[in-house]
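Me: I have a model open and would like to go through the labels on it. Could you tell me what stands behind each one?

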Amino acid sequence: MSVLAQRLKEARLRTGLSQEKLGIEAGLDPMSASARMNRYEQGKRVPDAQLVERIAAVLGVPVTYLHSGDDEEAELLLKFHRLKKKQRAKVIAFIDEVSG
């Protein structure tokens with residue numbers, strides 16, 4: 001299974017959306033939404049970049065999360081994405097401090 005397929009399925013299950021509901025909310029035709037999302041999660045097809053952006057928006061995750069091959073990095077991306085702007089600045093400042 002591809003990284004995209006794995007992350008997509010994980011994020012969808014975490015949100016509690018069905019494949020059909022996710023597909024429809026991402027702008028797919030309701031008649032094919034479930035089948036298309038299933039193919040994406042199985043790694044049989046790869047959605048184009050614009051659809052990946054729409055799917056990420058519906059799931060509330062950064063696009064980079066869906067492509068991250070490293071589990072720790074993916075977790076950090078999710079956590080960072082959920083922070084407010086001021087909190088993000090603090091995290092970046094902390095990283096600068098400890099890595100410098």
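Reply: Happy to. A patch is built from residues with over 30% relative accessible area and no salt bridge, joining like charges within 9 Å and nonpolar side chains (Val, Leu, Ile, Met, Phe, Trp, Tyr) within 5 Å. This is a predicted model, where local features need pLDDT of at least 70 and side-chain atom pairs count only at pLDDT 80 or more, while totals for chains, interfaces and linings use all residues. Residues are numbered from 1 along each chain as its sequence is written, and side-chain values use heavy atoms, with hydrogens and water left out.

Me: Which residues form the nonpolar patch on the surface?

Reply: Phe94, Ile95 and Val98 do, with about 300 Å² of accessible area together. Such areas come from the Shrake-Rupley method with a 1.4 Å probe, and for residues only the protein chains shown count as cover.

Me: Why is Ile95 called partly exposed?

Reply: Buried means under 20% relative accessible area, exposed means over 50%, and partly exposed is in between (1.4 Å probe, protein chains only). Ile95 has 44% relative accessibility, so it counts as partly exposed. Ile95 is found in helix α7, residues 85-99; helices are DSSP runs of H or I with at least four residues, numbered from the N terminus.

Me: What makes Asp71 and Arg7 a salt bridge?

Reply: The term asks for a side-chain nitrogen of Lys or Arg within 4 Å of a carboxyl oxygen of Asp or Glu. The N to O distance for Asp71 and Arg7 is 2.9 Å, so the pair qualifies. The pair links distant parts of the chain, with Asp71 in helix α6 and Arg7 in helix α1, 64 residues apart.

Me: What span is expected for α1?

Reply: The rule is 1.5 Å times one less than the number of residues. α1 has 13 residues, and its reach of 18 Å from first C-alpha to last is close to the expected 18 Å.

Conventions: Helix = DSSP H or I, 4+ residues; strand = E, 2+ residues; numbered from the N terminus.
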